[in-house]
Amino acid sequence: MELEARIEEELKAALRSGDVPRKNTLRLIRAAIKNASIEAGGGLIGDEAVVAILQKQAKQRGDSIEQFEAAGRDDLVAAEKEELEIIQELLPRQLTDEEIEAAVLEHIAAVGAKGPGDIGQVMGPLMSALKGAADGQRVSKIVRRTLAG
């Protein structure tokens, strides 16, 4: 609940300061949180759910940036990057590749994985341990590279 309150405070500050891109991004996030709350039966959702929503929003922005770059729409790329930066400010600190690699090696040793066929055994517990701190695609890429080598 703490993260949702922080988003509300950030929105109020953006409204007071007249920061239109920040205001619009925070309103989109707030709407996504409210939709998730409604889907959950109208109750309050916890910080873990809010982090998942923020990660989904960040992933959507990243995908949009790729598509707009491919289409040569630099104006839209800039807007999406600005929104992505605002979303990333709200997310917990993301692990570096080196930190993810250390966690991968630890989990590989724990489950006794030997090769690429053991990716499933590693990814499940690893993603539970890294929940909210690392993007699943980055983790998967590092696990695949580690198990292949």
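Predicted model: local features only at pLDDT ≥ 70, side-chain atom pairs only at ≥ 80, totals over all residues.

Biologist: How many helices and strands does the protein chain have?

Modeller: Seven helices and zero strands. Reading from the N terminus, the elements go α-α-α-α-α-α-α. The C-alpha atoms fill a box of roughly 55 × 40 × 25 Å along the principal axes.

Biologist: What share of the residues counts as buried?

Modeller: Buried means under 20% relative accessible area. Here, 36% of the 149 residues fall in that class. The accessible surface of the chain is about 8,800 Å², with 52% belonging to carbon and sulfur atoms.

Biologist: And what about contacts between residues at least 6 apart in sequence?

Modeller: Of those, 60% join residues at least 24 apart.

Biologist: How many positive and negative side chains are there?

Modeller: There are 20 positive and 26 negative ones, and the centres of the two sets lie 3 Å apart.

Biologist: Now the single residue. Where is Thr25 found?

Modeller: Look in helix α2, which covers residues 20–39.

Biologist: Why does Thr25 count as buried?

Modeller: Because its relative accessibility is 0%, and the cut-off for buried is under 20%.

Biologist: Which residues does Thr25 touch, leaving out those up to four places away in sequence?

Modeller: Glu83, Ile86 and Ile87.

Notes:
Residues numbered from 1 in each chain as written. Heavy atoms only, no water. Helix = DSSP H or I, 4+ residues; strand = E, 2+ residues; numbered from the N terminus. Buried < 20%, exposed > 50% of the residue type's maximum accessible area, 1.4 Å probe, protein only. Contact = heavy atoms within 4.5 Å. Areas by Shrake-Rupley, 256 points an atom, 1.4 Å probe, with all protein chains shown as cover. Lys, Arg positive; Asp, Glu negative; His and termini not counted. Charge placed at Lys NZ, Arg CZ, Asp CG, Glu CD.
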